[in-house]
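Dear colleague,

Please find below the sequence and the structure that I am passing on to you. My notes on what was found follow directly after it.

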Amino acid sequence: MRRYIFQRIWTSLLTLFVVITLTFFMMRAIPGGPFTDEKGIPPHIMAKILERYRLNDPLHVQYGRYLWDVLRFDLGPSYRYEGMTVNELIANSFPVSLLVGSMALALALGVGIPAGIVSALRRGKWQDRSAMVLATLGITIPNFVIATALVYIFAYRLGWVTVGFWEGLPTAFLPALTLSGYPMAFISRLTRSSMLEVIQQDYIRTAYSKGLRERTVVYIHALRNAIIPVITYLGPLTAGILTGSFVVEQVFGVPGLGTFFVSSISNRDYTTIMGVTIFYSALLVSLNLLVDICLGFIDPRIKLS
Amino acid sequence: MAPTENVRPDLNDPTLFEPVSETEKRSADYIRPSMSYWQDAWRRLRSDKLALLGLLVILLVFALALLGPWFSAWTYDAQNFMEANEPPSWNHLFGTDMFGRDLFVRVLYGARISLAVGLVASFINLTIGVIYGGVSGFVGGRLDNFMMRVVDTIHSVPLMIYVILLMVVVGPGLKSIFLTLGISYWASMARIVRSEVMRLRNEEFILAARVLGASGWRILLRHLIPNAMGPILVTLTFSIPQAIFAEAFLSFVGLGVSAPMASWGVLSNDAIGTLGIYPWQLFFPAMAISVTILAFNFLGDGLRDALDPRLRK
């Protein structure tokens with residue numbers, strides 16, 4: 001097990017390196033640069049700017065320097081947000097995304113899994129029907145529509161919350177609710193379908209015929225196997241949800257990380273693109289490692305090494 | 001003690017065997033007509049009313065998207081400021097938008113784009129995603145580690161970078177969106193199939209298939225993947241709307257289809273600002289998305305039951 005984890009950490013670092021390299025060169029292949037301006041900056045000023053950010057050096061020199069900086073956890077200065085380093089940018093906005101994201105995640109898991117279990121056990125009954133209709137609505141309604149509807153009801157009609165500027169926890173509920181819609185629906189469907197498969201199996205019949213209570217059979221015996229696809233999905237989901245969503249942040253005025261993902265690419269803000277991508281990638285890779293280790297614990301038949 | 005060689009009979013000795021009688025032969029015959037996996041699945045799908053309804057709606061939406069615009073008096077890009085923002089009427093079934101364009105025709109045209117995106121996404125998920133994840137989970141070990149890190153890498157590079165780069169290479173428009181979907185849209189499917197295959201590959205029925213001499217590909221395609229059909233179809237029915245929304249998002253930031261062409265996502269996006277005044281402009285495109293996705297869900301549920309080998313009768 002320990003050997004497996006070491007090997008995985010090593011390959012994860014390798015993955016990060018490949019991601020950095022790929023993103024670095026792909027990004028530079030995109031036409032336009034961070035200081036391309038429609039108004040046209042005079043050439044001598046442009047030369048000064050490029051010199052200051054050392055963008056005049058050959059690409060491989062810049063690449064080598066960037067790698068060296070990343071090794072020392074220095075993601076460089078932002079080209080667009082003046083006077084800010086990418087480290088500060090992430091440090092400022094990640095806690096916000098983390099707060100909204102973990103609330104959304106808790107909601108998605110806390111509602112999604114029980115809903116999936118109940119609808120699998122009461123298959124075809126009204127509980128199943130209503131849970132699945134809700135789940136279908138959860139994916140069919142685009143999140144910008146959900147967001148707009150929530151703003152209309154809770155902020156405009158009822159006036160319970162203010163929207164548009166960030167005040168911490170009280171303003172985090174609506175974005176979290178919006179963000180949780182899709183994963184909640186997906187998790188409940190996933191739980192339902194794999195639960196349906198598991199409860200047909202012989203060992204479940206054995207457990208029932210031993211005289212165990214339904215609750216014990218479902219939560220101790222069945223859920224353990226049925227939860228596996230959900231756990232697998234949790235890796236990418238958590239990474240995605242914790243790094244924020246562009247649309248939700250735009251509608252609710254949440255100063256999270258998601259906006260940088262989009263705006264930095266449109267702005268060709270090279271260091272911010274790189275920094276945010278590396279951050280996301282590191283999160284994703286480590287969460288997937290965590291997921292694989294958890295899978296091994298939950299189902300000992302899954303042999304990892 | 002008797003000599004032990006008598007315990008094992010000589011199988012070449014013809015006196016030890018006698019031919020099977022006719023009645024005994026018949027007892028081993030199958031009474032049920034032999035049916036392939038897919039024949040059986042189709043037979044079960046046919047009896048599922050909700051799934052058939054889903055299939056019917058999908059076919060209808062396709063037919064409308066392909067043929068509908070021919071039968072309409074309006075075109076998707078003709079502007080008429082005298083009729084801007086009109087509510088639904090017999091003249092304009094879904095009303096008009098802020099430029100006076102007929103919303104019904106625009107929704108029909110949007111269907112072409114959104115359905116194409118959804119179809120491409122599901123095709124990629126079913127081919128690349130399922131096979132990639134299946135091989136990774138089935139072979140395991142080093143290859144699995146390598147293949148999954150490739151998925152991590154692909155998943156890590158922001159979607160927009162692919163799109164912008166592909167736009168530079170193949171030109172703007174739908175082609176670059178399709179290619180982007182092809183590059184990056186099978187990651188979660190591959191992960192889910194992998195974990196299902198890892199769970200199933202040590203079960204007895206796989207051992208049985210192995211003992212019978214089935215090849216690796218046969219075990220993967222005929223035994224492992226059919227047993228993972230539930231999660232696969234759920235992931236699939238969810239990846240179609242996700243792809244449709246991804247296209248909407250890309251168009252929203254200016255990287256998708258360009259005006260006056262519009263997909264369902266773009267139409268809904270455009271209508272949000274004026275939701276309070278002209279609600280039908282959002283209602284109809286959102287309705288189109290919802291009905292189509294609902295139909296895909298019904299069909300997906302029916303397929304799940306029809307393809308599950310354990311429910312075979």
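**Helix contacts in chain B**

In chain B, residues B:Ala41, B:Arg44 and B:Leu45 of α2(B) meet B:Gly302, B:Leu303, B:Asp305, B:Ala306 and B:Leu307 of α13(B). Sorted by class, this contact holds 5 nonpolar, 1 polar and 2 charged residues. Please keep in mind that the model is a predicted one.

Helix α2(B) covers residues 37–46, and its axis comes within 8 Å of the axis of α13(B), with a crossing angle of roughly 135 degrees. Angles of 65 to 115 degrees count as roughly perpendicular and those over 145 as roughly antiparallel, with the rest oblique, apart from the roughly parallel ones under 35. The two helices α2(B) and α13(B) are therefore oblique to each other. The crossing in which α2(B) passes α13(B) is right-handed.

A second pair in chain B consists of α4(B), residues 103–139, and α10(B), residues 216–227; their axes come within 11 Å and cross at roughly 110 degrees. This angle makes α4(B) roughly perpendicular to α10(B). Here, too, the crossing is right-handed. From α4(B), the residues B:Val130, B:Gly134 and B:Phe138 meet B:Gly216, B:Leu220, B:Leu224 and B:Ile225 from α10(B). This contact of α4(B) with α10(B) has 5 nonpolar and 2 polar residues, and no charged ones.

**Where the chains touch**

How many residues does each chain bring to the contact? Chain A gives 47 residues and chain B gives 44 residues. On the side of chain B that touches chain A, at least two residues come from each of α5 (141–156), α6 (159–170), α8 (187–200), α11 (229–252), α12 (264–271) and α13 (280–307). That side of chain B divides into 24 nonpolar, 13 polar and 7 charged residues.

**Chain A**

Chain A contains 13 helices and 0 strands. Its C-alpha atoms fill a box of roughly 85 × 60 × 30 Å along the principal axes. Of its 305 residues, 41% count as buried. Among the contacts in chain A between residues at least 6 apart in sequence, 75% join residues at least 24 apart.

Is helix α8 of chain A, residues 202–209, largely in the open or buried? Of its 8 residues, the number buried is 0, so α8(A) lies largely in the open. A:Gly211 follows α8(A) and has a positive phi, near 95 degrees.

With kind regards

Definitions and conventions: Residues numbered from 1 in each chain as written. Chains lettered and ligands numbered in written order. Predicted model: local features only at pLDDT ≥ 70, side-chain atom pairs only at ≥ 80, totals over all residues. Contact = placed C-beta atoms within 7 Å. Helix = DSSP H or I, 4+ residues; strand = E, 2+ residues; numbered from the N terminus. Nonpolar A, V, L, I, M, F, W, Y, C, P; charged D, E, K, R; others polar. Buried ≥ 20, exposed ≤ 12 C-beta atoms within 10 Å, placed from the backbone. Axes fitted to C-alpha atoms, helices over the stretch in contact; angles between N-to-C directions. Left-handed = near helix turned anticlockwise from the far one by under 90°.
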